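Dear colleague,

Please find below the structure that I am handing over to you. My findings follow directly after it.

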Amino acid sequence: MEKKIGFIGCGNMGKAILGGLIASGQVQPGQIWVYTPSPDKVAALHDQYGINAAQSAQEVAQIADIVFGAVKPNIMIKVLSDVASSLNKETLVVSIAAGITLDQLARALGHDRKIVRTMPNTPSLVNAGMTSITPNALVTQEDIADVLNIFRCFGAAEVIAEPMIHPVVGVSGSAPAYVFMFIEAMADAAVLGGMPRAQAYKFAAQAVMGSAKMVLETGKHPGELKDMVCSPGGTTIEAVKVLEEKGFRAAVIDAIEACMAKSEQMSK
Ligand SMILES: NC(=O)C1=CN([C@@H]2O[C@H](COP(=O)(O)OP(=O)(O)OC[C@H]3O[C@@H](n4cnc5c(N)ncnc54)[C@H](OP(=O)(O)O)[C@@H]3O)[C@@H](O)[C@H]2O)C=CC1
Ligand SMILES: O=C(O)[C@@H]1CCC=N1
């Protein structure tokens with residue numbers, strides 16, 4: 001990819017995208033400009049990745065062809081309003097903020113502006129991200145292909161209709177947090193069973209990754225894959241019974257329902 005890419009804000013999620021992009025080798029560090037208010041943090045990113053450190057958000061807006069807005073949702077509108085007049089006519093603005101709609105973004109940037117609303121997740125950092133993309137009406141097919149290409153450098157990406165962003169946050173954007181909790185809990189149990197902790201994380205994480213790969217690669221229903229593990233009268237079905245008794249599935253569904261509700265509330 002030849003385009004210049006800018007980041008306004010580059011914290012947990014911005015770094016995951018930046019790191020994923022550079023690791024893919026499809027974008028060179030010299031094509032990337034980053035601004036955050038802490039000069040030492042930009043300098044650290046420059047030292048780590050060789051990206052260009054910008055002096056201001058306006059500088060990023062002037063230089064980049066594709067500008068990522070990667071600040072917290074509560075300041076996104078203010079930060080983008082402040083750079084709106086520095087953008088070129090053709091610049092594509094990509095927001096990664098939860099709860100900020102295309103309409104709100106257009107009001108901040110101008111209604112003639114090409115804007116893409118996305119919902120990535122932190123596994124982007126390790127080449128296993130999942131990102132949804134929702135373009136506004138002014139975004140061309142070529143722009144959509146560019147944005148898909150960027151996110152597909154470090155994971156999977158799909159175009160979705162804007163209202164689907166809430167389930168996307170629930171099942172993907174926020175989901176790594178609950179999967180990490182699940183891995184921690186499994187590892188705690190292994191420690192209870194006498195396993196050293198470092199080894200417990202390795203076994204638990206590899207089991208989660210392998211199971212996810214089976215869902216993606218076999219195309220089999222997760223229930224069928226579960227049944228393949230449960231030997232009659234064996235160990236697994238004992239664990240399954242306890243998880244059902246403790247309301248494991250209902251807990252997960254309730255948690256994601258709360259996540260989706262918050263995403264909807266933030267969009268109002
Ligand atoms: N974390 C996640 O898993 C996901 C996050 N998101 C979205 O990503 C966005 C960022 O979240 P996250 O990365 O977790 O947040 P962080 O707090 O980790 O990062 C925020 C970044 O914004 C910078 N910043 C703060 N104020 C300004 C400003 N006025 N102008 C420019 N930059 C500024 C910060 O710089 P400094 O450190 O110098 O203050 C920092 O680099 C949010 O909108 C969130 O909804 C989406 C999907 C997943
Ligand atoms: O917790 C949040 O609001 C952000 C959005 C998705 C993941 N983190």
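How many helices and strands does the secondary structure of the protein chain come to? There are 12 helices and 8 strands. Please note that this is a predicted model, and that the values below were computed from it.

As to overall dimensions, the C-alpha atoms of the protein chain fill a box of roughly 70 × 40 × 30 Å along the principal axes. The chain has 268 residues, of which 40% count as buried.

The record assigns residues 4-99 to "Pyrroline-5-carboxylate reductase catalytic N-terminal". That span is 44% helix and 19% strand, and its end C-alpha atoms lie 27 Å apart. For residues 163-266, the record gives "Pyrroline-5-carboxylate reductase dimerisation". Here the chain is 83% helix and 0% strand, with 13 Å between the end C-alpha atoms.

Helix 9 runs over residues 197-218 and so has 22 residues. From its first C-alpha to its last, helix 9 reaches 31 Å, which is close to the 32 Å expected at 1.5 Å a residue. Just after helix 9 comes Gly219, with a positive phi of about 70°.

A positive phi also occurs at Asn127, where the value is about 65° although the residue is not a glycine. Most residues other than glycine have a negative phi. Asn127 belongs to the loop between strand 6 (114-119) and strand 7 (129-135). Is Asn127 buried or exposed? Its relative accessible area is 53%, and Asn127 therefore counts as exposed, the cut-off being over 50%.

Strand 7 itself contains Ile133. With a relative accessible area of 1%, Ile133 is buried, because the limit for that class is under 20%. Between Ile133 and Lys3 there are 19 Å in space, C-alpha to C-alpha, and the two are 130 residues apart in sequence.

Finally, I turn to ligand 2. Which residues are around ligand 2? They are Ala98, Gly173 and Ser174. Taken alone, ligand 2 exposes 240 Å², and the protein buries 46% of that area. The site of ligand 2 is the second largest pocket. Of the residues around ligand 2, Ala98 falls within the span 4-99 that UniProt annotates as the catalytic N-terminal domain, while Gly173 and Ser174 fall within the span 163-266 annotated as the dimerisation domain.

With kind regards

How values were computed:
Residues numbered from 1 in each chain as written. Chains lettered and ligands numbered in written order. Predicted model: local features only at pLDDT ≥ 70, side-chain atom pairs only at ≥ 80, totals over all residues. Heavy atoms only, no water. Near = heavy atom within 4 Å. Areas by Shrake-Rupley, 256 points an atom, 1.4 Å probe, with all protein chains shown as cover. 1 Å grid on protein atoms, 1.4 Å probe; cavity = no way out; pocket = protein on both sides within 12 Å on 5 of 7 lines; lining within 4 Å. Sits in = over half its atoms within 2 Å of the grid points. UniProt positions renumbered as here; feature names shortened; annotations may be inferred. Helix = DSSP H or I, 4+ residues; strand = E, 2+ residues; numbered from the N terminus. Expected span 1.5 Å × (residues − 1). Buried < 20%, exposed > 50% of the residue type's maximum accessible area, 1.4 Å probe, protein only.
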